[in-house]
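Below are the things I looked up, in the order I looked.

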Amino acid sequence: MKAQALHGHLDALLLSVLEQGSLHGYAIIEALKERSGGTLNLPTGTIYPALRRLERAGYVDSTWSTVNGRERRTYRLTGAGHRALAGERTSWQELSSTVGRFLGVGGPSEAPA
């Protein structure tokens, strides 16, 4: 799946991944891939700018550490990030329900008589 198809939803997906606990960038990419059954295989050029945007918004904090001589940045959800994720979930449920009325498996509903 292309990153463009996720327009407007990537931030919510990242917040959801970080809800499970702190992760470094590559682990976030792998979690997205794993939880999507391989459908979301997004490049670092998509993920890292989104993480920086979330950090500027106050939804994510990050810290630098050295592991096996390599620097890596670890991200964690803030209280504001938890609240934003709750709002994203509510919005997603409303959108999904509305779109489902049009594109659902059952097809179009019967027109009123």
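Against which elements do the buried residues of α2 pack? I found α1, β1 (23-24), α3 (44-56) and β3 (70-77), where contact means heavy atoms within 4.5 Å. The buried residues themselves are Gly-25, Ala-27, Ile-28, Ile-29, Ala-31 and Leu-32; buried means under 20% relative accessible area, with a 1.4 Å probe and protein chains only.

Before going on, I note that this is a predicted model, in which local features need pLDDT of at least 70, side-chain atom pairs count only at pLDDT 80 or more, and totals for chains, interfaces and linings use all residues. Residues are numbered from 1 along each chain as its sequence is written, and side-chain values use heavy atoms, with hydrogens and water left out.

Entry on elements. I take helices (H or I, at least four residues) and strands (E, at least two) as DSSP runs, numbered from the N terminus.

Entry on α1 and α2. I looked up helix α1 (residues 10-19) and helix α2 (residues 25-35): their axes come within 10 Å and cross at roughly 100°. Axes are lines fitted to C-alpha atoms, for helices over the stretch in contact, and angles run from 0 to 180 degrees between N-to-C directions. From α1 the contact takes Leu-13, Leu-14, Ser-16, Val-17 and Leu-18, and from α2 it takes Ile-28, Ala-31, Leu-32 and Arg-35. I sorted these residues into seven nonpolar, one polar and one charged. Ala, Val, Leu, Ile, Met, Phe, Trp, Tyr, Cys and Pro count as nonpolar, Asp, Glu, Lys and Arg as charged, and the others, Gly among them, as polar.

Just after α2, I noted Gly-37 with a positive phi of about 65°.

Entry on α1 and α3. Here the axes are 10 Å apart and the angle is about 80°, which means that α1 is roughly perpendicular to α3. Leu-10, Asp-11, Leu-14, Leu-15 and Leu-18 in α1 meet Thr-46, Ile-47, Ala-50, Leu-51, Arg-53 and Leu-54 in α3. The division is eight nonpolar, one polar and two charged.

Entry on the strands. Strand β2 (residues 60-67) and β3 run antiparallel and are joined by eight bridges; two strands pair if DSSP finds at least two bridges between them. Val-67 has Arg-70 in β3 as its bridge partner. The hairpin has two residues between the strands, and Asn-68 takes a positive phi near 50° in it.

Entry on Ala-86. This residue lies in helix α4 (residues 79-103). Is Ala-86 buried, partly exposed or exposed? Ala-86 counts as partly exposed because its relative accessibility is 41% (partly exposed runs between under 20% for buried and over 50% for exposed). Ala-86 and Leu-15 are 71 residues apart in sequence, and their C-alpha atoms are 9.8 Å apart in space.

Note on methods
Parallel < 35°, antiparallel > 145°, perpendicular 65-115°, else oblique.
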